[in-house]
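Student: Please show me the model, and then let us go through it by question and answer.

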Amino acid sequence: MDKVTKTTEDRLRQSSGGQAGASKQYKVGTRPPVVVILGHVDHGKTSILDYIRKSRVAEKETGGITQHVGAYQVLQKQQPITFLDTPGHEAFHAMRARGAHVADIALLVVAAEDGIKPQTKEAIQHIKQAAIPYIVVMNKMDKPAADAMKVKTQLLEEEVLVEGFGGTVPVVEVSAKTGAGIEELLDTILLLWEVEGTETRIEGPAKGAVIESFMDSRRGFAATLLVREGELRRQDIVATNSVSGKIKSMEDFLGRAVDVASTSMPVLVLGLQDAPEVGDKFEVFSTLEEAQAYTAEKSKKDQEGDVLDFSGDRKVLNLILKADVHGSLEAVHELVRALPSEHVILRVLFENVGDVNESDVKLASSGKAVIISFRVGVMPAAQNFAHQMGVTILSYDIIYNLVQGIREVMEEMLINEIVEVETGKLRVIALFRTEKNRMIVGGRVIEGEAKRGAHVSVMRNEEKIGEGKIIRIKIQDKDMEKVNKGDECGVLYEGGVRIEVGDVLEFFSVEKKKMTV
Ligand code: GDP
C-alpha cells in the first residue's frame, strides 16, 4: 500500500467518482483471511477464540477495552488473520441471508470426546451453502476420552472428507485449555488461504459489511464495519441499506483511533445517523446526497421484499422488537420469521436496539402491537405509559423463552376461536305445536346427548335443511338440562324450519378451542 503515494492515491480516489467500483485503477492483492467459527454448543468455540486472542494480543495493548465489536485481528508470522468473534449459526445465517459474505474461511469445531452433534451437522450445511473453504478443528484433545479417529469416521458419514480419509479438508487437533495445536491451526489457516485465497482490490474506496451495531450511550450510534475491498478512511461517507453518514471517528478492535482501515480489518465507526443492520453491505460515496439516495433506494427494495400475504382470514400479531445489539435483533427477527404463520401472521412494525422507551409504547399503542424486548430494560416512564395505554411488554433474556412467549401470545389469539362440537342426535317422532319460528316436537335421542341451549342442525334425508336453537327440553313435565341416548323427550325448537316427523336434530355445543400455532 505504501507503494502508492498519497497524492497519486487521492487523485485516483477522486477520479473514481466516489463510489467504489473502478477496481482497475487500484492495487489488487490477497486480503488477509476473515475466519468464522461454527460448531455444536459447548464444543469450545468461545474458548478457542479466547485462547487465540489472549495468546496473541498483549494485555497492555487492550488498554482495558471491553467493548464488544464483533471481530478481532491477530498476527501469525507477521500476517494478519481476522476472526469474527460472534460464534453462532443464527448470526452467520442472518448475515448470509442479508447478502453479506463476511467470511473467507470457516472453522468447524468438534469436541473430540463428544463427536458429531445436531449443531455440527447444521454447521456443515451452513458452510457448504456458503461454499467457503474450511478446517475441521478437533478440540478438547486434552481429555482422556478424546477420540479423533472416531470423529473423523463420523465426519465421513456427513460427507466431510478430511485429509488422510480420502479428502482434502484439513484437520487440526487442538486443546483450547492447554493451547496445544493452536499455533498449527493458525498456520493451517494461512496455508489454506494461500491455496484458496482470491485476489481483491485492496486499495481505493471501501466496500464491506456491517458485523455489529449498537447504541453507545456516550457516543451515539456505533457500528463495526468489516472492510472486504479497498480501504476505509475517517471522513469517508458511507451508506448501507438503511443508514448513511460521514465517519467521524474510527477505532480498531482494541479501541485505538485509526485513520485508515485496510482490507479485512474490522473497525468501529462513529458518525452514522442510525444503527445499521448487521449483515448489511456498505459502500463509500463521494457525497452525502448520493449516499442518502442509495439508502432510500435500498430500503424501498427491502420493504417490498417484506410484503406479507394477508389473504385468508388469518389473524395478524403486530410486534415491536427491541434488543441489546443488532446481532441479537437480527437473530430475533429471523426466529420470528421462522414461526408458523398458518393461523397468525407476525408482522414486525418496528425494531431497534436499546431500552424500551416511550416512543416504542406510543407506536405499540397506535399499531396495536406487543413489544418484545430481548436483553434490554424498560425505561420507567415507558413502563408507566404502557400500563396506562394497556400495551403489553414481554421481556426475555433467553431466546428459547422468547420464542415460546410469542407462541403463547399467538395461541391466546386463537383460544377464542369458536368451534362447534356435535354432542348428539334426536329423531323427531311427534309434532305437538307449531308457531311462527317456534315448534314443540317430541323425539328420541339416538346418539350422544341432547342439551338445553344447544344449537341444532335440522337434517332431512341426511341433508341439512336449516338450523335453530333448543330453548327447553322436557321429559313428561320435568325441565331437563340434558337427555341421554335412548330417552324420549319434548323439545322447544326456535328457528326457521318447519320440522317434520322423521327429521333428525343434530345437537352442537359451542366450545372455545385452544389451538396450537
Ligand atoms: P462454545 O459453546 O462452543 O462456545 O463452548 P465453550 O468455549 O463455552 O466451552 C464449553 C466448555 O468446554 C467450557 O466449560 C470450556 O471450559 C470447556 N472447554 C473448551 N475447550 C476445551 C478444551 O480444549 N479442553 C477442555 N478440557 N475443556 C474445554
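Student: Against which elements do the buried residues of α11 pack?
Tutor: Some conventions come before the answer. This is a predicted model, in which local features need pLDDT of at least 70, side-chain atom pairs count only at pLDDT 80 or more, and totals for chains, interfaces and linings use all residues. Residues are numbered from 1 along each chain as its sequence is written, and side-chain values use heavy atoms, with hydrogens and water left out. With contact meaning heavy atoms within 4.5 Å, the buried residues of α11 pack against α10 (358–366) and β20 (393–396).

Student: Which residues of α11 are buried?
Tutor: Helices (H or I, at least four residues) and strands (E, at least two) are DSSP runs, numbered from the N terminus. Buried means under 20% relative accessible area, exposed over 50%, and partly exposed in between, with a 1.4 Å probe and protein chains only. In helix α11, residues 380–389, the buried ones are A382, F385 and A386.

Student: Why do these buried residues line one face of the helix?
Tutor: The arc is taken from the directions from the helix axis to the C-beta atoms. P380, N384, H387 and Q388, on the other side of α11, are exposed. The buried residues line one face because, seen down the axis of α11, they fall within an arc of 105°.

Student: What is the handedness of the crossover from β19 through α11 to β20?
Tutor: Strand β19 (residues 369–374) pairs with β20 in the parallel sense over 4 bridges, where pairing requires at least two bridges found by DSSP between the strands. S373 stands opposite S395 in β20. A crossover is right-handed if, with the strands pointing away from the viewer, the path from the first strand over the helix to the second runs clockwise. By that rule, the β-α-β crossover from β19 through α11 to β20 is right-handed.

Student: How many residues of β6 are buried?
Tutor: In a regular strand the side chains alternate between the two faces of the sheet. On one side of β6, Y134, V136 and M138 are buried, and on the other I135, V137 and N139 are buried. Both faces are thus covered, and the count for strand β6 (residues 134–139) is 6 of its 6 residues.

Student: What is the bridge partner of V109 in β6?
Tutor: Strand β5 (residues 105–111) and β6 run parallel and are joined by 6 bridges. Together with helix α5 (residues 118–130), these strands make a right-handed β-α-β unit. The partner of V109 in β6 is V137.

Student: And in β7, what is the bridge partner of V136?
Tutor: β6 pairs with strand β7 (residues 171–173) in the parallel sense over 3 bridges. The chain passes from β6 to β7 through helix α6 (residues 148–157) in a right-handed β-α-β crossover. In β7, the partner of V136 is V171.

Student: Is P118 buried or exposed?
Tutor: P118 lies in helix α5. At 57% relative accessibility, P118 counts as exposed.

Student: To which backbone oxygen does the side chain of S213 reach?
Tutor: S213 lies in strand β9 (residues 207–216) and is buried, with a relative accessible area of 0%. Leaving out residues up to four places away in sequence, S213 touches A222, A223, A275, P276, V278, V325, H326 and V353. A polar contact is a pair of N or O atoms within 3.5 Å; within protein, one must be able to donate a hydrogen and the other to accept it, and residues adjacent in sequence count only if both atoms are side-chain atoms. At 2.7 Å, the side chain of S213 reaches the backbone oxygen of P276.

Student: Which residues come nearest to the ligand?
Tutor: A residue is near a molecule or strand if one of its heavy atoms lies within 4 Å of it. A backbone N or O atom of D42 lies 2.7 Å from an oxygen atom of the ligand, and a side-chain N or O atom of T46 is 2.4 Å from a ligand oxygen atom. Of the 15 residues around the ligand, those that come nearest are D42, K45, T46, S47 and D142.
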